[in-house]
Each structure stands twice: as structure tokens, then as C-alpha cells.
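Reader: I would like a close look at a single part of this model. Please keep the answer brisk.

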Amino acid sequence: MMAEPSDFYPVAPGSQPANDSPDYGSTHLRHPRQPLLRFPHTITETSGPRFAATQFPAMIDMSAVAGRAALGERIVVAGRVTDEDGRSVPHTMLELWQANASGRYQHPADQHDAPMDDNFLGSGRVFSDAEGRYQFVSIKPGAYPWRNHDNAWRPNHIHFSLFGAGFASRLITQMYFPGDPLLALDPVFNAVPDPAHRNRLVAAFDLALTRPEWALGYRFDIVLRGPAATPMENPGDHR
Amino acid sequence: MSRAHAATAAQTIGPYWHLIDDAALADLTRFGAQGERITFGGRLLDGAGAPVSDACVELWQSSPSADARFPGWGRCGTDSRGAFQFITLRPGPVAGRGNALQAPHLALNILARGILTRLYTRAYFAGEALNASDPLLLLVEDPMRRASPLAHPAGPGAWQLDIRLQGPGESIFIDI
């Protein structure tokens, strides 16, 4: 069977969390029991939306509202978005959201007994540049309890949303912080089967990104699915 | 086949993703798109039949082609009934692999607390002649299950499809 030009690499074994992940309680009633239908990609899966900065204006600094600084440890997060062949993904939109320094989201459903911070709204939006590089400013999010199990706390994390080349590249993920003792206890993080892939969700502290007298720097590189550079023998043979 | 790096692992969108939401995103005609305007909506239900009220439903359609007036993509949060609704243009047939032709369809990603990797499904339109020869629908042997991605008319220009994550009537989810 000839490969079609836009075939994506199949999902790498162990790289993605299973939706049936019993340690994460909310998965119990929300994962399909039937096997996924195997169907090779068509243009519906390999094409995807494009976002213009004119319609989706960038919001690169979450650390202040109307010039009033949020409480917490100011951080710079930067990295590069590439595809699985290492090619940069330029001008792609990243959506970001996170808890404030106390571990509370600016969201009505979050009733955690921790202070709100009206100078921290907790969402941002940036676009990668021509080389796939992105950067934003925020404050380090706090840990928070989430009742998944006895004394359960989510590690510090920032939510990321990316689109990439096609609907098949859609990625929602979370960036974690190095050295967090809660990582080893977290069923969401540990749902990624292969530790090598799991640990890629942990940003690296980067002194070169750190701005003296102002903010600590963290590097978080992201890889999106995309068209394979070389045709595959069995493009429909996922996993 | 080889690759430099596997794609970054997915994680759940969680219960607080509304911080990036905007109700306008559910209307794909908001930039003045021209064509046959439809609403497409439904309810999202869990394995106990209860509404999933904190989900993010994202829609993509490769027909009609996206342009400055038609983004082809939308996002809609589910409400306390698990309901979502998009305003969009009715899609036409879509080229498949090789010489195949696909029946008109909408692509849907379901993202929510308790879903670690997005669930991908499609919605088709009941009564379309091409449904009988659609390459994806033909893969589903059980006729009941094959009919499960068919949206049904719910008034003029209105289409309805409930999505069941688990259990009786479970929707078809696709390995993407």
C-alpha cells in the first residue's frame, strides 16, 4: 500500500496516557470500554485550524493585571515547538492557564480554601516565532488538593493547549516543575506509561533564561505530531 | 520508519479549562461565512448516563474549506445538562484515501477532567446517501453501532447527536 503524503507517525508506544487509568478516579466513568476504531488518517485528520493573532491577540504576561503585580514567584517560561522530525512548528498558537501562587484558579468551580488574587487572572496566549520558539511570563503556580485519594495534591503545573499541523496533532498537556516531591504521587503525571516520556513533561530550570533581579527561567520544549518526512510502510497501522 | 522525538504526552484538560474559553468560539459563522447554516448540538453523557458538565468539545471540519470568513474550527463547553451546541456550515462530501469519497462529517475532540488523551469521534448526517459507502462507517460491523455517529434532524437546520463516553450506546471513538 502506498503511503499518502500527509501520513503522520503512529503514536509511539508508552508515550501517551491510557484513558483507562484507574488511579485517577475521574476516568472511571469517562473512558470508552470498546476498542478505538482503527481508521487511517484522511484530510479531516491531517488538516486543522489556523489562528490569526489579529483574532486571537497574544497575552504574553500573566504576572500582572493593569500594571498591578500578582503575588508569587515571577517566572519566564520558554521553549521550542517542533514536530516529530525535529522541524520547527512556526507561528502556532499556545493557550495557557494555571492556578495562582496559592494554588487557586480564578474559576467559580474552584472552592479551594486559598486566597484569590485579582492581579492574577491565570490565562495567557502566545504564538511561536518563525523558528518555533515561544516565551511567556507568569508566576509559579501553587499546589492544590483535589480529593482524588486521601490527602491528594496536584503538583505545581501549567496547562498548555496546542494545535499544530492537523486535528490529529491536537495536544492538551501540563508542564511541571523540576524537583517537585508531589510528582511521584500524582496519578495524572504517572498515567504516562514510559518514564522517559513522562519526564519530558517536567520543565528544566535554565539560568540563561533567568532575568537577573526579576524572574526565574524554565525551559519547556514541546513536540507535536505531524506529517512524517519519510513515507511509512503501513500508514494505517496505528500502535 | 524513524523519528527524532515522539510527540509530547497529553494530560487532562482538567475542570478549569474555561479560563481559555470564549462563548463566541462555538459560532463558526461569526466572521460572516456564507453557506448552508446549521446548528449542531447534543449532550455528552458518562458511563452512568449522567451529564458531563465540565467538558470541552472541539469541532473541526475539512469541508467547506476554512478561509478568512470560515474558521472550520470551534470550541464549546458543556453545560449542567451536558449540552453543547455549535453554529456552523453544513459540510459536503470529503475526499478519502485513494479514490474513496467520504460522506459529509464533522470531526470532534472530547476533552474533559477524567480524559487523559482527547477522545476523537465524528458526526455524520442521517439520510445522506453517501453514508452507505463511507469508508469509516463501513468499518463498523454492528448496524446499531454504525448508526451511532449519525446526527438527526431536530428542527429546520438543526442537528442533534448525543455522545456517550461509556456503556450502553457507547459512541464510536477513533484511534487518531
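In what order do the four strands of the open sheet in chain A run, and is the pairing parallel or antiparallel?

Author: First, the ground rules. This is a predicted model, in which local features need pLDDT of at least 70, side-chain atom pairs count only at pLDDT 80 or more, and totals for chains, interfaces and linings use all residues. Residues are numbered from 1 along each chain as its sequence is written, while chains are lettered from A and ligands numbered from 1 in the order in which they are written.

Now the sheet. The order is β6-β5-β10-β11 in chain A, and the pairing is antiparallel. Strands here are DSSP runs of E with at least two residues, helices are runs of H or I with at least four, and both are numbered from the N terminus. Two strands pair if DSSP finds at least two bridges between them. At the edges of the sheet lie β6 (123–127) and β11 (171–176) of chain A, each pairing on one side only. From one strand to the next, the twist averages 25°. That angle is taken between N-to-C directions of lines fitted to C-alpha atoms, on a scale from 0 to 180 degrees.

Look inside the sheet next. Strand β5 (residues 93–98) of chain A is joined to β10 (residues 157–162) of chain A by five bridges. The two run antiparallel. In β10(A), A:H159 stands opposite A:W97.

The contact takes 66 residues from chain A and 57 residues from chain B. Residues are in contact if their C-beta atoms, placed from the backbone, lie within 7 Å. Several elements of chain A each supply at least two residues of the side that touches chain B, among them β5, β10 and β11. The largest share, four residues, comes from β11(A). By class, this side of chain A has 27 nonpolar, 24 polar and 15 charged residues. Ala, Val, Leu, Ile, Met, Phe, Trp, Tyr, Cys and Pro count as nonpolar; Asp, Glu, Lys and Arg count as charged; the others, Gly among them, are polar.

Another supplier to that side is β1 (37–38) of chain A. Two bridges join β1(A) to strand β12 (residues 174–175) of chain B, and this pair runs parallel. Here A:L37 stands opposite B:I174.

Along its principal axes, the C-alpha trace of chain B spans about 40 × 40 × 40 Å.

Notes: Two residues are in contact if their C-beta atoms, placed from the backbone, lie within 7 Å.
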